Every structure is written in structure tokens, then in C-alpha cells.
Amino acid sequence: METTASTTAHTSLASVTLEVADLEAARRFYSAFGVDTYIHLRESEAHSSGFRGFTLALTVSGPATVDSFVGAAVQGGATVLKPAAKSLWGYGGVVQAPDGTIWKIATSAKKDTGPATREIDEVVLLIGVEDVKATKEFYVGRGLTVAKSFGGKYAEFAPGQSSPVKLALYKRRALAKDLGVGADGTGSHRVVLGSTAHAFTDLDGFAWEAAAPLAPTAS
């Protein structure tokens, strides 16, 4: 594993904006789901079909908390792509929000040590790319700092101080398989990444724009 020790980056992820067809419905869903303070929402009718190439992953404390988030998502209209279940690495499940965004909720704990909570330990924006090494080098060239790197399989960037969401790269087909969906997709990713520096578009078509620090969508 290659690791670059750094607590700050010249450029970092400042915000995550999901583009949705029905803004008010999305606001209600994400507020009930409990993640509205981690994302922005923007109305858009951009064409998109199939896998959008990314997921937002929540890390929580235990299986009961995973079930709580999955239950809240389903109650709000989400579709279960992979039911929450035990695995070699812990416990987790995958849901798709009514706007099409895929969310993975997981914990490394296989047993609960307390009651379910609504607390989130970490949020990661995991984008699926064709070539992890090439995209990692592209981002480094634009000022992001690598925190962890596992060859051509995975890369993670040092988080900025202004966003609670961490950015990571994974191979597109491997990510789709992990989420339980087909890897093919066309049209817009329907997600915009906020940059602490300048606007650009990466090798896989993910758009970055200069952004202010994240503020709650419900305000």
C-alpha cells in the first residue's frame, strides 16, 4: 500500500451536489434518510440511464444502525439493491434513492455493542473509473493529495477541512458488482463535485466546480 501523509491538500472535495428531477421530493427523502447535511441538491432533467458510476457510502457503528438507515431509506421510497447481510468484512446493504442515487450503508462490526443510533461515522463518495492509476495521477496533477493507494484497484484522497465527505476511486465494473447493478450506463452522472480551487472535468466525465463550503440542504 502506498500512503502519502498529509493533513491538507491544495485542492480537495468541498461539497457533493446531487442532480435530481424533483427537488422537493429529494429534500424530503434525504432529510428522513438522515444524510441531508452531507449533500447539496440541484434540480436537473439531464438524461441518465443505467449505472451512474458512483455511490455514496455510509460507515456506521453496528448492524442495528445499518438496519435503521436502510429502513428509513425504504420507508422514504428507496429500493433495496442488496439486502443488509453479514459478510467477511462486516455487515451492510445497498439501497437506491428515488432520484436514482445509490447508497451503501455498512459497518465493520458483525455484532452490536449497543442500540441503534442515527449517527454516521464516515461518508465516502466512491466514484467508479476505468483506470484508477490514470485518474489518481490526473487528480494529483490538479492539487489533490493521495492518502491511500492500492495499486490500480483503489485510491483515497486526503479530506478537506470544509467537507464531511471523503473522495475515493474504485474500478467502475468492480464498484457496480459490489453494488449489485450492471456496469453499463449512459448520459449524465447526475452528481457534481465541489472543488476548493478550480473547475474541471475528470477522465471519466465527472464534473467539478468551484464551490463554497457545504451547508445543510434543509436550511
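Let's start with helix α1, where Leu23, Ala26, Phe29, Tyr30 and Phe33 are buried. Buried here means under 20% relative accessible area, while exposed means over 50% and partly exposed is anything in between, using a 1.4 Å probe and protein chains only. These five sit on the same side of α1, because they cover an arc of only 125 degrees around the axis; the arc is that of the directions from the helix axis to the C-beta atoms. An α-helix has 3.6 residues a turn, so residues three or four places apart point the same way.

A word on what you're looking at: this is a predicted model, in which local features need pLDDT of at least 70 and side-chain atom pairs count only at pLDDT 80 or more, while totals for chains, interfaces and linings use all residues. Residues are numbered from 1 along each chain as its sequence is written, and side-chain values use heavy atoms, with hydrogens and water left out. Helices (H or I, at least four residues) and strands (E, at least two) are DSSP runs, numbered from the N terminus.

Back to α1. Its buried residues are covered by elements including β1 (13-20), β2 (40-43), β4 (54-59), α2 (63-75) and β7 (102-107). The helix also has a cap at its N-terminal end: Asp22 places a side-chain oxygen 3.4 Å from the backbone nitrogen of Glu24. A polar contact is a pair of N or O atoms within 3.5 Å; within protein, one must be able to donate a hydrogen and the other to accept it, and residues adjacent in sequence count only if both atoms are side-chain atoms. Just after the helix comes Gly34, with a positive phi of about 100 degrees.

Now for the sheet. Five strands form an open sheet with mixed pairing, in the order β2-β1-β13-β15-β14. Its edge strands, β2 and β14, each pair on one side only. Two strands pair if DSSP finds at least two bridges between them. Strands β1 and β13 run antiparallel and are joined by 5 bridges, with Leu18 standing opposite Val191 in β13. Helix α1 packs on this sheet, touching β1 and β2, and its direction makes about 160 degrees with that of β2. Axes are lines fitted to C-alpha atoms, for helices over the stretch in contact, and angles run from 0 to 180 degrees between N-to-C directions.

Where do the nonpolar side chains gather? In soluble globular proteins, they tend to be buried together. A nonpolar core is a set of buried Ala, Val, Leu, Ile, Met, Phe, Trp, Tyr and Cys residues joined through side-chain atoms within 4.5 Å. The largest one here has 47 residues, and those with the most contacts inside it are Leu18, Tyr30, Phe33, Trp103, Leu125, Tyr139 and Leu167. Helix α1 gives the most to this core, with 5 residues. There is also a second, separate core of 11 residues, which includes Ile102, Val124, Ala176 and Ala183.

Val124 lies in strand β8 and is buried, with a relative accessible area of 10%. Leaving aside neighbours within four places in sequence, Val124 is in contact (heavy atoms within 4.5 Å) with Thr55, Leu56, Ala57, Val165, Lys166 and Ala168.

Helix α3 (residues 132-141) is next, with Val132, Thr135, Lys136, Phe138 and Tyr139 buried. Their arc around the axis is only 160 degrees, which puts them on the same side of α3. The face turned away from that buried side carries the exposed residues Glu137 and Gly141. The buried residues pack against β8 (122-129), β9 (146-150), β10 (154-157), β11 (165-171), β14 (200-201) and β15 (207-210). At the N-terminal end, Asp131 caps α3 with a side-chain oxygen 3.2 Å from the backbone nitrogen of Lys133. Just after α3, Gly143 takes a positive phi of about 100 degrees.

Finally, take a look at a few loops. Most residues other than glycine have a negative phi, but Arg190 has a positive phi of about 60 degrees although it is not a glycine. Arg190 sits in the loop between β12 (185-187) and β13 (191-195), and counts as buried at 8% relative accessibility. Ser44, in the loop between β2 and β3 (48-50), is in contact with Arg190 as well as Glu19, Val20 and Ala21, leaving aside neighbours within four places in sequence. In the loop between β6 (91-96) and β7, Thr101 is buried, with a relative accessible area of 1%. The side chain of Thr101 makes a polar contact with that of Asp99 (2.5 Å).
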